[in-house]
Amino acid sequence: MLRQAKEFKNFKLRATDGDIGKTMEFYFDDKHWTVRYLVADTGGWLFGRQVLISPYALSPANETERVFPVNLTKKKIEESPSLGNDKPISHQFETAYYSYYGWPAYWNGYFPWGNSPYIIREPEEWKNQATHEKAWDHNLRSTNAVTGYHIQASDGAVGHVADFIIDEETWSIRYLVVATKNWWPGKHVLVSPQWIKQVNWDDSKVFINLSGEKIMKSPLYTQESLNRDYETKLRNHYNHEGYWTQEPETRK
């Protein structure tokens, strides 16, 4: 299921023995554009530290109660490696974090989740995740920080990042929601991270391998329009294959 990042903020995070807060923002890596952590707003619990929840710990959302079940106890979360609110997420912290929970490191392997494009949740399968691929450098970015970045088409500015479309199954960011207020006030279009030429993180600019005219003529996006038919029209407009045709069908 695809969902806007801002929509996740309305969901509670529920550990196996009680609520721990709600989603505040996300950290994603800037290679695969995949969410690595939810940052929980704990409302004062565990004050002075960032409470990070990996998608490894999440079960599918309960739509009726608007809850994300977290397969961890509050004590397990409390005793996890601590990261201050003002601290960046270092490779050293991530190594300690993944070691503490016993999950396979996502940065070891070719795919977004190591040797798989999907999260493998069965511990007995993790031993098969050994890889000879060289670990890739992973820099994490905040969705809150990247919101507002300017979108630069091949022939000029077209708008700014307003939100992110997240695939709840793979936790990949499938699209950036672009507000095009300079052209159509209140209108939005989608662009895929696959179409990004480069990101200037210092200048807060995302450069897209598309012309402004091409983007302007793309199917307009609304939250209600987000379905496979819309995605197919969008991909056809840009003459790009759908991501769903490029990924293995097997889920673990």
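Buried means under 20% relative accessible area. By that cut-off Leu 46 is buried, because its relative accessible area is 14%. The legends below describe close-up views of a predicted model.

Figure 1. Most residues other than glycine have a negative phi. Leu 46 lies in the loop between β4 (35-41) and β5 (51-53). Arg 66 sits in the loop between β5 and β6. Arg 66 has a relative accessible area of 32%, so it counts as partly exposed.

**Figure 2. The whole protein, as context for the close-ups.** The protein has seven helices and 13 strands. Its radius of gyration is 19 Å, close to the 18 Å that the globule rule gives for 252 residues, so the protein is as compact as a globular protein of that length. Along the principal axes, the C-alpha atoms fill a box of roughly 55 × 40 × 40 Å. Of the 252 residues, 50% count as buried. Among contacts with a separation of 6 or more, 56% come from residues 24 or more positions apart.

**Figure 3. Trp 171 and Leu 176 in the largest nonpolar core.** This core has 78 residues, and Trp 171 and Leu 176 have the most contacts inside it. Trp 171 lies in the loop between β9 and β10 (173-179). Its relative accessibility is 2%, so Trp 171 counts as buried. Beyond its neighbours within four places in sequence, Trp 171 is in contact with residues including Phe 8, Phe 26, Leu 38, Phe 68, Trp 113 and Ile 166. Met 1 is 170 residues away from Trp 171 in sequence, but their C-alpha atoms are 9.8 Å apart.

**Figure 4. Ile 165 in strand β9.** The strand spans residues 156-167. Ile 165 has 0% relative accessibility and therefore counts as buried. Residues up to four places away in sequence are not counted here; beyond them, Ile 165 touches Leu 2, Arg 3 and Gln 4, among others. Its other contacts include Ile 173, Val 177, Leu 190, Tyr 221 and Leu 226. Thr 143 is 22 residues from Ile 165 in sequence and 11 Å from it in space, C-alpha to C-alpha.

**Figure 5. Gln 4 and its polar contact with Asp 163.** Gln 4 is found in strand β1 (residues 2-4). Gln 4 is buried, because its relative accessible area is 14%. The side chains of Gln 4 and Asp 163 are joined by a polar contact of 3.0 Å. Not counting residues up to four places away in sequence, Gln 4 also touches Phe 164, Ile 165, Tyr 221 and Gln 223.

**Figure 6. Ser 192 in the loop between β11 (188-191) and β12 (196-200).** Ser 192 has 2% relative accessibility, so it counts as buried. A polar atom of the Ser 192 side chain lies 3.0 Å from the backbone nitrogen of Gln 194. Leaving aside neighbours within four places in sequence, Ser 192 is in contact with Arg 174, Tyr 175 and Arg 235.

**Figure 7. Aromatic pairs, with Phe 11 and Phe 68 as one example.** A search of the whole structure finds 29 aromatic pairs. The ring centres of Phe 11 and Phe 68 are 5.7 Å apart and the planes are at 45°, so this pair is tilted. The pair links distant parts of the chain, 57 residues apart. Phe 11 is in the loop between α1 (5-8) and β2 (12-15), and Phe 68 is in strand β6 (residues 67-69). Phe 11 counts as buried because its relative accessibility is 1%. Phe 68 is buried too, with a relative accessibility of 1%.

**Figure 8. An aromatic cluster.** One cluster is formed by Tyr 37, Tyr 56, Phe 93, Tyr 97, Tyr 98, Tyr 100, Tyr 101, Trp 103, Tyr 106, Trp 107, Trp 113 and Trp 126. Trp 113 is also in contact with Trp 171.

**Figure 9. Charged side chains over tryptophan rings.** The charged end of Lys 74 sits over the ring of Trp 45, 5.5 Å from the ring centre. Arg 141 lies over the face of Trp 201, at 4.0 Å from the centre of that ring.

Notes. Residues are numbered from 1 along each chain as its sequence is written. This is a predicted model: local features need pLDDT of at least 70, side-chain atom pairs count only at pLDDT 80 or more; totals for chains, interfaces and linings use all residues. Side-chain values use heavy atoms; hydrogens and water are left out. Helices (H or I, at least four residues) and strands (E, at least two) are DSSP runs, numbered from the N terminus. Buried means under 20% relative accessible area, exposed over 50%, partly exposed in between (1.4 Å probe, protein chains only). A polar contact is a pair of N or O atoms within 3.5 Å; within protein, one must be able to donate a hydrogen and the other to accept it, and residues adjacent in sequence count only if both atoms are side-chain atoms. Contact means heavy atoms within 4.5 Å. A nonpolar core is a set of buried Ala, Val, Leu, Ile, Met, Phe, Trp, Tyr and Cys residues joined through side-chain atoms within 4.5 Å. Rings of Phe, Tyr and Trp (its six-membered ring) pair if their centres lie within 6.5 Å; planes under 30 degrees apart count as stacked, over 60 as edge-to-face and the rest as tilted. A charge sits over a ring if NZ of Lys or CZ of Arg is within 6 Å of the ring centre and within 35 degrees of the ring normal. The radius of gyration is taken over C-alpha atoms; the globule rule is 2.2 Å times the number of residues to the power 0.38.
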